[in-house]
Amino acid sequence: MMSDDISCTYIFSMNHIFGPVNSRRLGRSLGVDLFQDKICTLNCIYCEIGPTVLLTCDRAEYAPIQKIKEEIDAYCLDQDRVEELDFITVTASGEPTLHVDFGQILAHLKKTVAKPIAVLTNGTTLISDQVRQEISQADVVIPSLDSALPKGFRKIDRPAACVELDQVIKGLISFSRSYTGKIWLEILFAQGINDTAQEVEALRQVVKKIDLDRIQLNTVARPPLESFARPLNKQRMTAIAQQFQEDTPSCPVDLLAFQASQDDEPEDPKKFFFNLDRAMDKKAFTVKLIEMLQRRPCTAADINRTFHLGGAEKVEFLLNALVQDGRIQKRVHEDRVYYQ
Ligand code: SF4
């Protein structure tokens, strides 16, 4: 589950550890990615990672736990680096709770890193007692639920045959009643797919039954798996947010994204971190850049903010060379050029 609001600030990468990234939701967050291939219970139309390679509900050791633990330990050797973190975010190129050692990995993090832990999950496995017990070790759980209607759920999230929407909802409700940490529910809307009045109403009815600490509304902000997945504009997202806020006055409703228009304020560059302070040679830069783009598509401006390369135009020059030799691809989404 990679649907976070992580900006492309990027410093460190091993196979399973990445970041720290600057996240609007979690501050300075170190990512722990449990898989290399995309293994998921869903194949969402808006997924930024690509098509699901293994669509399954089966838990397995999809990556060696020992290697994940060793990478965590290696990162933690430098305590100054750990001190600067606000959060550890456990995620995956897919659904992290499918890793059969998910609970052990959380326990290892709890023992090794004195920082709060967040888990990004698509919520489909919370019907399992075992998963609910394991994930309860986290301080913040960020599940998603994009539709409360079977047809809409199938259209936007394209679940494996083993996933049943009523069980997903039951799992979410049940988890929220027993969990003592924070739950921030993310709902992603795609134009013409799950943004009808009927869809929104069904989601509102379900959300009222879940004990939440935040509701976070998102849309298709980055290049999606399917080009027909389109974002909602600010007006529609705001109207939906107001409806949720009326239902749950004590639970904040955040707008994570909306379709940008000419009138929207540009992003404030000061909100990004500038921490890549060591000089890199061209080869090292290329490796880091490609690792970064494997995790999510970025604009030239994103990359410039990360690497301090003296302006988006200079970055485009470097990126075009990589596009030409076939190492990365260029893609336009909502009038913005992304590299992936
Ligand atoms: S839950 Fe959806 S968005 Fe998240 S990794 Fe799976 S397919 Fe991608």
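This is a predicted model: local features need pLDDT of at least 70, side-chain atom pairs count only at pLDDT 80 or more; totals for chains, interfaces and linings use all residues.
Let me start at Ala 190, which, once its neighbours within four places in sequence are left aside, is in contact with Ile 45, Tyr 46, Ile 156, Val 220, Ala 229 and Arg 230; two residues are in contact here if their C-beta atoms, placed from the backbone, lie within 7 Å. Residues are numbered from 1 along each chain as its sequence is written.

Ala 190 belongs to the residues with the most contacts inside the largest nonpolar core, which has 74 residues, and the others named with it are Tyr 46, Ile 88, Ile 117, Ala 118, Val 119 and Leu 185. A nonpolar core is a set of buried Ala, Val, Leu, Ile, Met, Phe, Trp, Tyr and Cys residues joined through C-beta atoms within 7 Å. A residue is buried if 20 or more other C-beta atoms lie within 10 Å of its own, exposed if 12 or fewer, and partly exposed in between. Strand β9 gives the most to this core, with six residues, and apart from this core lies another, of eleven residues, among them Leu 289, Met 292, Ile 328 and Tyr 339.

For the chain as a whole, there are eleven helices and 13 strands, where helices (H or I, at least four residues) and strands (E, at least two) are DSSP runs, numbered from the N terminus. Of the 340 residues in the protein chain, 44% are buried.

Helix α5 can be described in a similar way. Its buried residues are Gly 152, Phe 153, Ile 156 and Asp 157, and they sit on the same side of α5 because their arc around the axis is only 100 degrees. What covers them includes α6 (165-178) and α7. After α5 comes Arg 158, whose phi is positive, near 40 degrees.

Next, a pair of helices: α1 (residues 65-76) and α3 (residues 102-112) pack at an angle of about 15 degrees, with their axes 11 Å apart. Axes are lines fitted to C-alpha atoms, for helices over the stretch in contact, and angles run from 0 to 180 degrees between N-to-C directions. That angle makes α1 roughly parallel to α3, a term for angles under 35 degrees. On the α1 side, Ile 65, Ile 68, Lys 69, Ile 72, Asp 73 and Cys 76 meet Gln 104, Ile 105, His 108, Leu 109 and Thr 112 in α3.

Finally, is Val 140, with its 19 C-beta neighbours inside 10 Å, buried or partly exposed? Val 140, in strand β8 (residues 140-143), counts as partly exposed because of that number. The C-alpha atoms of Val 140 and Ile 183 are separated by 5.9 Å, although these residues are 43 residues apart along the chain.

Terms used. Angles under 35 degrees count as roughly parallel, over 145 as roughly antiparallel, 65 to 115 as roughly perpendicular and the rest as oblique. The arc is that of the directions from the helix axis to the C-beta atoms.
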